[in-house]
Amino acid sequence: IAGHLSDAGFATTLVTGNDVLSLDTGITAGYAKEVREDWEPVANIAQAALSEVDELLGKPKPWLLHVHFIDPHGTYCAPDEFVDAEDLAPAGFDPTAMCDDPFADPYGADLDLDTRGDAWVEKLEETYREMYAGEVRYWDREFGKFLDELESRGALDDTLVVFATDHGQQFFEHGHHGHGRHLGA
């Protein structure tokens, strides 16, 4: 789409929170400009996008702005106000330890789940579900602020907004945890 619109005279910009969706991979061919904010939370991506909106609004031609958020996504680390973390985690597991490392494995590969017992794994599932729900709540609030700010800048006048999502998370259904690996398993 970006290539066709670019050929038709549109200014085309991509703001992305994940290098998978970047000009480096070729998936996003056609964008004239890319702003990469790898693994940044929704508020930071929105701020980067608003800076681009200000620039695009100053151009005399139509524009396409593609904003790609990475969250909600493992490691499931929303601000504390969005997560009811009291007595959340099973014994011997600190889910917040992942939050300081953007490359931590949130999917439990190193947890040796087969030796933990059903009650422990159920508590872990409950923990992950609450952390994920907290990220969804946080993302929803921040995305709402982003849309409000676009409206206040006049960026939504005569504008089409397309919202798409790719996948959710699997929380031990069919014995798997994570995303994008066991669809329909």
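The points below cover the model, the overall fold, the sheet, the disulfide and a loop leucine.

This is a predicted model, in which local features need pLDDT of at least 70 and side-chain atom pairs count only at pLDDT 80 or more, while totals for chains, interfaces and linings use all residues. Residues are numbered from 1 along each chain as its sequence is written, and side-chain values use heavy atoms, with hydrogens and water left out. The protein chain has three helices and five strands, and the structure holds one disulfide.

**Confidence**
- The mean pLDDT of the protein chain is 86, and 91% of the residues score at least 70; pLDDT is the predictor's confidence in each residue, from 0 to 100.

**Overall fold**
- Read from the N terminus, the elements follow the order α-β-β-α-β-α-β-β; helices (H or I, at least four residues) and strands (E, at least two) are DSSP runs, numbered from the N terminus.
- Taken along the principal axes, the C-alpha atoms of the protein chain fill a box of roughly 60 × 35 × 25 Å.
- Of the 185 residues in the chain, 38% count as buried; buried means under 20% relative accessible area, exposed over 50%, and partly exposed in between (1.4 Å probe, protein chains only).
- The accessible surface of the protein chain is about 10,700 Å², and carbon and sulfur atoms account for 50% of that area; such areas come from the Shrake-Rupley method with a 1.4 Å probe, and for residues only the protein chains shown count as cover.
- Among contacts between residues at least 6 apart in sequence, 64% join residues at least 24 apart; contact means heavy atoms within 4.5 Å.

**The sheet**
- Three strands form an open sheet in the order E2-E1-E3, with parallel pairing; two strands pair if DSSP finds at least two bridges between them.
- Strand E2 (33–36) and strand E3 (63–68) are at the edges and have a single partner strand each, so one side of each lacks a neighbour in the sheet.
- On average, neighbouring strands of this sheet are turned by 10° against each other, direction ignored; axes are lines fitted to C-alpha atoms, for helices over the stretch in contact, and angles run from 0 to 180 degrees between N-to-C directions.
- Strand E1 (residues 11–16) pairs with E2 in the parallel sense over four bridges.
- Thr13 has Lys33 in E2 as its bridge partner.
- Helix H2 (residues 42–57) packs on the sheet and touches E1, E2 and E3, and its direction makes about 175° with that of E3.

**The disulfide**
- Cys77 and Cys99 form a disulfide with their sulfur atoms 2.0 Å apart; a disulfide is a pair of cysteine sulfur atoms within 2.5 Å.
- The link of Cys77 and Cys99 is left-handed, with -90° about the S-S bond.
- Both cysteines lie in the loop between E3 and helix H3 (118–152), so the pair ties together parts that are 22 residues apart in sequence.
- Cys77 is partly exposed at 26% relative accessibility, and Cys99 is partly exposed at 34%.

**A loop residue: Leu23**
- Leu23 sits in the loop between E1 and E2 and is partly exposed, at 34% relative accessibility.
- Leaving out residues up to four places away in sequence, Leu23 touches Thr28, Tyr31 and Glu34.
- Leu23 and Arg36 are 13 residues apart along the chain, and their C-alpha atoms are separated by 9.5 Å.
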